[in-house]
Amino acid sequence: MSIYNFPPVAQGDTLQAVFKCQYDDGTGMDLTGSTIRWTLAPSIDRSDVVYIGYPSIIGPGRALLNIPAGVLATAGVFYHALEVLLSSGESYTASCGNLVVEQTSAVAAPIAIPSMPAPHQVYLMGDSLTSPSGHYGTQLAVRLGSNWNVNWRGISGNTTTQMRARFSTDVIAPNNGEYIVIWGGVNDIAQGLGNGLSEATITATIKDNLQFMYTTAREAGFAVVAATITPFSGDAGWPSTGATARSIQDSVNAWVLNTATDVDYRVDTYAAMVDPAVPYTLQSAFDDGGHLHFTPLGYFAAANIIYSSVTWTPR
């Protein structure tokens with residue numbers, strides 16, 4: 001799927017945009033039941049989005065969005081992106097085209113874009129499953145809608161100790177969060193056993209780090225969402241001492257679901273992702289082949305269980 005540059009538009013104009021949602025071979029996507037989101041921002045990384053629109057489906061592989069005049073009231077260069085979440089769970093993002101808004105003689109000076117309510121903030125703390133390279137955060141954002149802004153704080157390979165070390169800077173310091181999803185522990189197991197740490201040490205470390213983050217977030221005013229460690233048996237990082245890894249995973253997950261404190265919502269992501277016939281193993285439809293990370297359908301399922309397990313009320 002690709003996105004294009006719009007022809008220049010005059011300051012204050014409205015704009016009707018038609019988007020072609022196609023696969024690389026030119027075949028139009030089946031948009032039935034899909035969610036489509038278009039964002040516009042003055043910076044190329046789109047960290048300062050000024051408008052979010054939801055195009056209407058007008059045919060196979062085609063969507064229409066009427067952009068109101070107030071959005072284009074300021075002259076300058078803007079960047080835009082299109083996100084498509086199909087009903088199958090596949091997601092696609094096309095970015096970044098540009099849109100040039102030219103100042104007109106009728107406007108003596110740039111007019112500020114009308115103020116919009118600040119979006120409510122959700123933070124996602126985790127490892128590679130939470131990093132921007134995954135799709136769970138994007139799909140969660142689609143479900144939450146334009147009144148919510150999702151902040152990725154996932155770093156590939158992070159253990160809970162590393163998450164804890166950056167928690168205050170990455171999550172607390174912005175002083176604007178309302179909800180946080182905390183999801184980690186798999187790297188502690190793989191790396192800890194690989195480095196010869198004991199089962200008791202790894203288990204206690206994960207729980208201590210997660211509890212620190214839960215409590216710190218709660219004290220900062222967040223609603224805390226705690227997620228369990230998902231299956232990863234068969235992954236390259238799965239230790240030869242599989243029974244020990246399973247024991248750690250069982251202990252941590254039971255603690256998250258039943259004992260951890262300062263938690264508002266407990267989400268059993270393990271149960272949502274596991275193959276019912278093969279414990280500790282991802283469902284084949286959710287497994288990208290590496291046995292740890294997910295397919296697009298898997299990220300869709302993860303986003304769905306997290307979204308549906310939480311009451312998302314602005315705080």
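Where is Thr269 placed in this structure? Thr269 sits in helix 6, which covers residues 269-273. The model you are looking at is predicted, so please read what follows as a description of that model.

## Thr269 and its surroundings

Thr269 has a relative accessible area of 0%, which means that this residue counts as buried. Leaving aside residues up to four places away in sequence, Thr269 touches Trp183, Ala227, Thr228, Thr230, Ile305 and Ile306. Several of these names come up again below, so they are handy ones to keep highlighted in your viewer.

## The cavity

How many cavities of 30 Å³ or more does the structure hold? There is one. The volume of the largest cavity is about 40 Å³.

Its lining is made up of Asp127, Leu129, Trp183, Gly184, Gly185, Val186, Ile229 and Thr230. Sorted by class, that lining has four nonpolar residues, three polar ones and one charged one. Trp183 and Thr230 belong to this lining, and Thr269 touches both Trp183 and Thr230.

## Helix 3

Val186, a member of the cavity lining, is also a residue of helix 3, where it is buried. Helix 3 runs over residues 186-194 and is mostly covered, with seven of its nine residues buried. The buried ones are Val186, Asn187, Asp188, Ile189, Ala190, Gly192 and Leu193.

Which elements cover these buried residues? Among them are helix 2 (160-172), helix 4 and helix 5. After helix 3 comes Gly196, which has a positive phi, near 85 degrees.

## Helix 7

Helix 7 spans residues 296-308, 13 residues in total. From its first C-alpha to its last it reaches 18 Å, close to the 18 Å expected at 1.5 Å a residue.

The buried residues in helix 7 are Gly298, Tyr299, Ala301, Ala302, Ala303 and Ile306. Their cover includes helix 1 (136-144), strand 11 (179-183), strand 13 (265-267) and helix 6.

## Aromatic pairs

How many aromatic pairs does a search of the whole structure find? The search finds 10. In one of them, the ring centres of Trp148 and Trp312 are 6.1 Å apart and the planes stand at 75 degrees, so this pair is edge-to-face. The two residues come from distant parts of the chain, 164 residues apart: Trp148 is in strand 10 (residues 148-154), while Trp312 is in the segment after helix 7. Trp148 counts as buried because its relative accessibility is 7%, and Trp312, with a relative accessible area of 14%, is buried too.

Tyr214 and Trp255 form a stacked pair, at 6.0 Å centre to centre and with 20 degrees between the planes. Tyr214 lies in helix 4 (residues 199-219) and Trp255 in helix 5 (residues 242-258), so the pair ties together parts that are 41 residues apart in sequence. Tyr214 is buried at 0% relative accessibility, and Trp255 is buried at 12%.

Finally, ring pairs link Tyr136, Trp183, Phe294 and Tyr299 into a cluster. Trp183 also lines the largest cavity, and Tyr299 is one of the buried residues of helix 7.

Notes. Residues numbered from 1 in each chain as written. Predicted model: local features only at pLDDT ≥ 70, side-chain atom pairs only at ≥ 80, totals over all residues. Heavy atoms only, no water. 1 Å grid on protein atoms, 1.4 Å probe; cavity = no way out; pocket = protein on both sides within 12 Å on 5 of 7 lines; lining within 4 Å. Points joined across faces, edges and corners; volume = space filled by probe spheres on them. Nonpolar A, V, L, I, M, F, W, Y, C, P; charged D, E, K, R; others polar. Helix = DSSP H or I, 4+ residues; strand = E, 2+ residues; numbered from the N terminus. Buried < 20%, exposed > 50% of the residue type's maximum accessible area, 1.4 Å probe, protein only. Contact = heavy atoms within 4.5 Å. Expected span 1.5 Å × (residues − 1). Phe/Tyr/Trp six-rings, centres within 6.5 Å; stacked < 30°, edge-to-face > 60°.
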